[in-house]
Amino acid sequence: MTSNPTVQSSSLETIKNREAAITQPPAQASVQTAAYTLVIADIHLQPEADHPINLAFKQFLVEQAPKAEALYILGDLFEMWVGDDIGALQYSAAIQQLNALTDSGTPVYIQFGNRDFLMRKKFWQATGATYLKEPYPVTLYGTPYLMLHGDALCTDDKAYQRLRRVFRSKLFAFIFLGLCHRRRLAIGNKMRQSSQKHSQNKSSEIMDVNASAVLKDFSRFPEVQHMIHGHTHRPAHHIIQQSDSNNIHTKPVLNRWVLGDWRPDAQIIKISHTGIELLTYPEHSK
Ligand code: MN
């Protein structure tokens, strides 16, 4: 495979036009047509309770999420998670809000991000949320989707991928989670600073996803035409048109949907019987 796939990035303004091309057949039962699922990522909740991002997320959980059939959070819900004991103190409000949502009957599915991959049993018990492995294939309203945080796709950043393998190992988790509160907080803060520094010093190409890594994931799930991820904080709908020479499936077009972070406006995804769309939340702040 020598030639690269053509990747077209559409601006948010043109996404609405493109939806026409991927619209699904309407639902048969009219009662189902209003049903939808929401997908978000990279909220980066902050330890400061009154941070604007935390307030925006609370508003979202109270006003928007209960109307959805399910909520998927594709990693980096928290700015840093250094253990369930510390997380329960740092993010007590968000944990209660998530628990209220799952209690009220909206299931919440959460993937690990590069900043929050150490949630364990106490977190899942306290929130009622369900852990999702990565990448996660799921069929919603008749269409298969592949969900992942997205950092695993940034294969051009070799140093980061080496670190990722260490951090995600069972040995690292065992050693790190065995440290006292003070040490874990100190290491967490240091990692947060070095992650920011690392991002600032790298070119934007290196920090973005690698086109071959994207196709590799698509090839593992031949039924999937829509990939959804976050991590890069570059919300967009990318359409990948494959030439004959690199066509890995019989499908002519693959779609990569990228969620935005919350500052506190967000680009979030809504999936229903009519297809998938990238929306601004809150709506009034467009
Ligand atoms: Mn991330």
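This is a predicted model: local features need pLDDT of at least 70, side-chain atom pairs count only at pLDDT 80 or more; totals for chains, interfaces and linings use all residues.
Reader: Okay, and which strand is the place of Thr37?
Author: Thr37 belongs to strand S2, which covers residues 36-40.

Reader: What does Thr37 touch, leaving out residues up to four places away in sequence?
Author: Its contacts are Ala68, Glu69, Ala70, Tyr72, Leu140 and Ile271.

Reader: What order do the strands have in the open sheet with S2?
Author: The order is S5-S4-S3-S2-S11-S12, six strands with mixed pairing.

Reader: Which strands stand at the edges?
Author: Strand S5 (130-131) and strand S12 (275-281) do. Each has a single partner strand, so one side of each has no neighbour in the sheet.

Reader: And how do S11 and S12 pair, parallel or antiparallel?
Author: Antiparallel, over seven bridges between S12 and strand S11, residues 266-272. As one example, Ser272 has Gly275 in S12 as its bridge partner.

Reader: Switching to helices. What's the angle between H2 and H4?
Author: About 10 degrees, with the axes of H2 (residues 52-63) and H4 (residues 92-103) 10 Å apart. That's why H2 is described as roughly parallel to H4.

Reader: Which residues meet there?
Author: From H2 you have Asn54, Phe57, Lys58 and Leu61, and they meet Ala93, Ala94, Gln97, Leu98 and Leu101 of H4. Sorted by class, that contact has six nonpolar, two polar and one charged residues.

Reader: Last one: which residues are buried in H10?
Author: In H10, residues 211-220, the buried ones are Val214, Leu215, Asp217 and Phe218. They span an arc of only 160 degrees around the axis, so they lie on the same side of H10.

Reader: Why would residues a few places apart point the same way?
Author: An α-helix has 3.6 residues a turn, so residues three or four places apart end up pointing the same way.

Reader: What's exposed on the other side of H10?
Author: Ser219 and Arg220 are exposed there.

Reader: And what covers the buried residues of H10?
Author: The cover includes strands S7 (143-148), S8 (226-229) and S10 (253-258).

Terms used: Residues are numbered from 1 along each chain as its sequence is written. Axes are lines fitted to C-alpha atoms, for helices over the stretch in contact, and angles run from 0 to 180 degrees between N-to-C directions. Helices (H or I, at least four residues) and strands (E, at least two) are DSSP runs, numbered from the N terminus. Angles under 35 degrees count as roughly parallel, over 145 as roughly antiparallel, 65 to 115 as roughly perpendicular and the rest as oblique. Two residues are in contact if their C-beta atoms, placed from the backbone, lie within 7 Å. Ala, Val, Leu, Ile, Met, Phe, Trp, Tyr, Cys and Pro count as nonpolar, Asp, Glu, Lys and Arg as charged, and the others, Gly among them, as polar. A residue is buried if 20 or more other C-beta atoms lie within 10 Å of its own, exposed if 12 or fewer, and partly exposed in between; C-beta atoms are placed from the backbone. The arc is that of the directions from the helix axis to the C-beta atoms. Two strands pair if DSSP finds at least two bridges between them.
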